[in-house]
Amino acid sequence: MSKMMYREAVLSTIVEEMERDPNVVVLGEDVVGGMGTAGGPEAIGGIWSTSVGLFGKFGGDRVIDTPISESAIMGAAAGLALSGKRPVAELMFADFIGVSLDQIWNQLAKFRYMFGGKTKCPAVIRMAYGAGYNAAAQHSQAVHQILTGMPGLKVVMPTTPGDVKGLLRTAIRDDDPVIFLEHKALYGVKGEVSDDKDFMIPFGHARLSRAGQDVTIVSTGLLLGFCEAVADKLAAEGIGCDVIDLRTTSPLDEEAILDSVEVTGRLVVVDEATPRCSLATDICALVAEKAFASLKAPPLGVNPPHTPVPFARELETAYLPSIGKIEAAVRKVLSYR
Amino acid sequence: MQLSREALLRAYRQMKLIREFEERLHIDIQTGEIAGFTHLYCGQEAVAVGVCEHLSVEDKIVSTHRGHGHCLAKGCDVDGMMAEIWGSREGLCKGKGGSMHIADVDKGMLGANGIVGAGAPIAVGAGISCKIDGKGHVAIGFSGDGACNQGTTFEAMNMAVVTKAACIFVFENNHYSEHTGFEYAVGTNKDIASRAEAFGMKVWRGDGTDFFSVFETMREVLDYVRVPGNGPAAVEFDTERFFGHFEGDPQRYRGPGELDRIRETRDCLKKFRQSVTEAKLLTGEDIDAVDADVMEAIETAVAKAKAADRPTAEDVLTDVYISY
């Protein structure tokens, strides 16, 4: 095991997979960062430092710095994937799915089905998402609630550097299109990472990060840490929480959620997406439908409000689910009847 | 360069196959037996065939909603295509794609596409792949005068130039984007190729109703793009659409006598027959024999499509993912 940051886990996995398989290619805006400049060709290595050194190591054929043309990036990834390559495309901010959604939704996601199952589309679309940096309404959003609802896509939301390693490797080797969502606020977080260059975490297998008998808390990404803090605080009071890190929202590990709720009878889903048609509503509905008899309290979602992400520090703090809001929700389901 | 007799017969057969495939669909759609939206390529055959007769299975094409011609020209199975359009389980896409989504990736046919303008970026990706492989293969993105106005097409052209993708943008100007004339909708002085030129590409223009014009133009374009390092190119073919935007389109936008006129003076099949018989490269009998052969192939394809297995409710659930 080694200790490294979330962003380092992204980069090192890409390097290892590019060394292993010559068909893996990287493309995106500023992934080299400095093409056509006096300080270039590589002055940046990606604005999240997740492609530093790739250009020097693998060259311009496999590390493709693109113009600011998100539709063309996603479309090029689609064309590369249909032509036998394994593109790892970076969408600088997840919010930019807005300008490239056709290529993701109508093209990548649907090729296999529309073509009668006679093709594969091994594309990975990496995108940085999430609030916490006062980047306001167009650079802070969680978009998993949109993409999870799209048949044909797999959606991955790693929380820890160790999971980044195992899940990104699985994504790159997967023959279906995978959306890989990296939380901006986690890039600098350090954690234990496997040194095994074939270490893979299968999709659809949640991770139990805290174990308890009284409440099930489901989350992933930045907010998972908040849930753990709540669980640790309540443990001191003798209240036990199962904290489930979903890792992937599509496929969804229904079994892990249902098995836990059958024991605890109480569910809180903590979700960075806005509340309507969200991961929280989806999982609450799942539990209501399939574990109704186990429930001791109505399932509860903790989401931001139905507003765009605001700018000012006070506003963004008020917008995001917090440790306090999660704790209040957990106490609410505990105190029901 | 003079084409061999075999090459001439093959090119004519491909064009005739597309023509009769479409003419038969036009009839069968009116019976109500074929579901969904169908956009016929009839009239533009010289473009698809004049382009694809140069290509190998390693070369890729990306097509449009008006894609039957491109598919047939690139070698998609005629029975499989007819069965697909009839929604059969034995269709090329098991009845899951239909007219607008026919693909055969193993043949280098990366899909028709229901979204106007979506194909060009995909062709750039395929062209980057060809560039990486360095074997002189190319990717062709077909677009119409409608798709040339989409931002995706502009992004794709710039990206192709920047990345030196081995990619060719083939613009088929059939004068109508859906129901709107190109003289209204294409702002650059009614000209598409000049846009590609402005993006930094070498461009060509040709007569899309004349197989020999398309074929000879494409020879030059391909000679250029197949050279590693040259990057992309574009070509605009002026052509005609003999039917409406979709089947059932009343075509109220056409001028008096327009359809009769273009069928009379701008029919690529008539022009081909005339030029090869006048030059004594083929006889009328040679061409009549191909016609008869094609008619039989279409009859067979329709009969097979009608008799083919229908998909079942269980088939809805398969082919979404390889594994999930």
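**Reading a predicted two-chain model**

Mentor: In this model, 37 residues of chain B are in contact with 36 residues of chain A. On the chain B side, α5 (119-133) and α6 (151-163) each supply at least two residues, and α5(B) gives the most, with nine residues. The model is a predicted one.

Trainee: What makes two residues count as in contact?

Mentor: Their C-beta atoms, placed from the backbone, must lie within 7 Å. By that test A:A77 touches A:L27, A:P87, A:A89, A:A123, A:I125 and B:G125, leaving out residues up to four places away in sequence.

Trainee: What scores does the model carry?

Mentor: Its ipTM is 0.94 and its pTM is 0.96. Chain B averages a pLDDT of 97, and 100% of the residues score at least 70.

Trainee: What secondary structure does chain A have, and why is chain A called as compact as a globular protein of its length?

Mentor: Chain A has twelve helices and 14 strands. The globule rule gives 20 Å for 337 residues, and the radius of gyration of chain A is 20 Å, close to that value, so the chain is as compact as a globular protein of that length. Along its principal axes, the C-alpha trace of chain A spans about 65 × 45 × 40 Å. Of the 337 residues of chain A, 57% count as buried.

Trainee: How many of the contacts in chain A join residues at least 24 apart?

Mentor: Among contacts between residues at least 6 apart in sequence, the share is 77%.

Trainee: How do you know that the span of helix α3 of chain A agrees with its number of residues?

Mentor: Helix α3 covers residues 70-82, which is 13 residues, and at 1.5 Å a residue it should span 18 Å. The C-alpha atoms at its ends are 18 Å apart, so the two values agree. The helix is mostly covered, with 13 of its 13 residues buried. After α3(A) comes A:G84, whose phi is positive, near 100 degrees.

Trainee: Why is A:F111 called buried?

Mentor: The cut-off for a buried residue is 20 or more other C-beta atoms within 10 Å. A:F111 has 27 within that distance, so A:F111 is buried. A:F111 is in helix α5 (residues 111-114) of chain A. Leaving out residues up to four places away in sequence, A:F111 touches A:L82, A:T119, A:C121 and B:G111. The C-alpha atoms of A:F111 and A:A78 are separated by 9.1 Å, although the two are 33 residues apart along the chain.

Trainee: Which residues have the most contacts inside the largest nonpolar core?

Mentor: They are A:A77, A:I125, A:I217, B:V124 and B:I168, in a core of 204 residues. The core draws at least three residues from each of domain 1 (2-193) and domain 2 (207-334) of chain A. In soluble globular proteins, nonpolar side chains tend to be buried together.

Trainee: Where do the two domains of chain A touch?

Mentor: The centres of domain 1 and domain 2 of chain A, taken over C-alpha atoms, are 27 Å apart. The contact takes 24 residues from domain 1 and 23 residues from domain 2. On the domain 1 side, α6 (144-147), β6 (154-156) and α7 (161-173) of chain A give two or more residues. β6(A) gives the most there, with three residues.

Trainee: What makes B:E178 partly exposed, and what is its phi?

Mentor: B:E178 has 15 inside 10 Å, so B:E178 counts as partly exposed. Its phi is near 55 degrees, a positive value in a residue other than glycine. B:E178 lies in the loop between β4 (176-177) and β5 (180-181) of chain B.

Trainee: Which peptide bonds are cis?

Mentor: One of them runs from A:G40 to A:P41, with omega near 5 degrees. A:P41 is in the loop between β2 (24-29) and α2 (54-58) of chain A. Another runs from A:S250 to A:P251, with omega near 5 degrees. A:P251 lies in the loop between β12 (248-250) and α9 (254-264) of chain A.

Notes. Residues are numbered from 1 along each chain as its sequence is written. Chains are lettered from A and ligands numbered from 1 in the order in which they are written. This is a predicted model: local features need pLDDT of at least 70, side-chain atom pairs count only at pLDDT 80 or more; totals for chains, interfaces and linings use all residues. Helices (H or I, at least four residues) and strands (E, at least two) are DSSP runs, numbered from the N terminus. The radius of gyration is taken over C-alpha atoms; the globule rule is 2.2 Å times the number of residues to the power 0.38. A residue is buried if 20 or more other C-beta atoms lie within 10 Å of its own, exposed if 12 or fewer, and partly exposed in between; C-beta atoms are placed from the backbone. The expected span of a helix is 1.5 Å times one less than its number of residues. pLDDT is the predictor's confidence in each residue, from 0 to 100. A nonpolar core is a set of buried Ala, Val, Leu, Ile, Met, Phe, Trp, Tyr and Cys residues joined through C-beta atoms within 7 Å. Domain bounds come from an automatic or database domain assignment.
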